[in-house]
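Please find below a short note on the structure under review. It is set out as numbered points for a computational reader.

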Amino acid sequence: MSTKVEQRSYEDALSWLRDHGFDLIEAPSTQGRVFLKKYNCSAAIQKNGDDGVKIFAYPGYLIGSEISKLVNRGYQQFLKTAKTEVPATADHLKALQQFSEELKEALGLPSLYNESLGTVSDAYQYDRIEDRDKPKGERPRRPWEVEGARGAAAKKSRV
C-alpha cells in the first residue's frame, strides 16, 4: 500500500525543524538558505520557487566545521572532507541515518526502503573499478599500460 507524502512549504519545514530540536543557522549573504544541525550532522536547505523547499547541501557528519561526504570503499565506509578522511564508526552512521530520516520527514520527502534500512553512501569507490566511469582518455594509466614497461622487464632478464 503506497501512501502519499505531502511536501511542506519552506516556512512549515522551518517551523517543524525548530520544534524538533534542529539548530537553524541562516546562510551568510544569501536569502532563503538555511544550514541545519543536529546529532553532530548538518545539511542545508533553500527556498525553491515561491514556497517550495529543496536540499542544497546533502546531509553529512560534521568533522570540524565541514560537512563530510560518506564514501564506501567496499571494505569500509569513510567520512571525507576536503582536508581529511576518517573511518566511519557505527555511531557516525547511526547519527547520519537518524538525521537524514528526520530531515525527510520535515521536508515531506518520501522515505525510500533501501535508505531506511541504513545509511546510503554518497559515493562507492571499490579499488578494482575506480575511474572506470570516466572516458578512456581521462582515466589514469594503469601500471601494465605504461609504455616502456615491457622493454624494462625484458632488459632485466636473467643472464
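The points below run from the basis of the model to the whole chain and then to individual residues.

1. Basis. This is a predicted model, in which local features need pLDDT of at least 70 and side-chain atom pairs count only at pLDDT 80 or more, while totals for chains, interfaces and linings use all residues. Residues are numbered from 1 along each chain as its sequence is written, and side-chain values use heavy atoms, with hydrogens and water left out.

2. Secondary structure. The protein chain has four helices and nine strands; these are DSSP runs numbered from the N terminus, with helices being H or I of at least four residues and strands being E of at least two. Along the sequence, the elements follow the pattern α-β-β-β-β-β-β-β-β-α-α-β-α.

3. Burial and surface. Of the 159 residues in the protein chain, 33% count as buried. Buried denotes under 20% relative accessible area, exposed over 50%, and partly exposed in between (1.4 Å probe, protein chains only). The protein chain exposes about 11,400 Å², of which carbon and sulfur atoms supply 49%; accessible areas come from the Shrake-Rupley method with a 1.4 Å probe, and for residues only the protein chains shown count as cover.

4. Contacts. Among contacts in the protein chain with a separation of 6 or more, 40% are between residues 24 or more positions apart. A contact means heavy atoms within 4.5 Å.

5. Phe22. This residue sits in the loop between helix H1 (10-19) and strand S1 (23-26). Phe22 counts as buried because its relative accessibility is 5%. Leaving aside residues up to four places away in sequence, Phe22 touches Trp16, Leu17, Leu36, Lys37, Lys38, Phe99, Glu102 and Leu103. The C-alpha atoms of Phe22 and Lys37 are separated by 5.7 Å, although the two residues are 15 residues apart along the chain.

6. Tyr39 and Asn40. Tyr39 is placed in the loop between strand S2 (33-38) and S3, and Asn40 is found in the loop between S2 and S3. Phi of Tyr39 is near 60°, a positive value in a residue other than glycine; Asn40, likewise not a glycine, has a positive phi of about 60°. Tyr39 is partly exposed at 37% relative accessibility, and Asn40 is partly exposed with a relative accessible area of 34%.

7. Asp131. The loop between strand S9 (123-124) and helix H4 (149-155) holds Asp131. At 17% relative accessibility, Asp131 counts as buried. Asp131 touches Arg139 and Pro140, not counting residues up to four places away in sequence.
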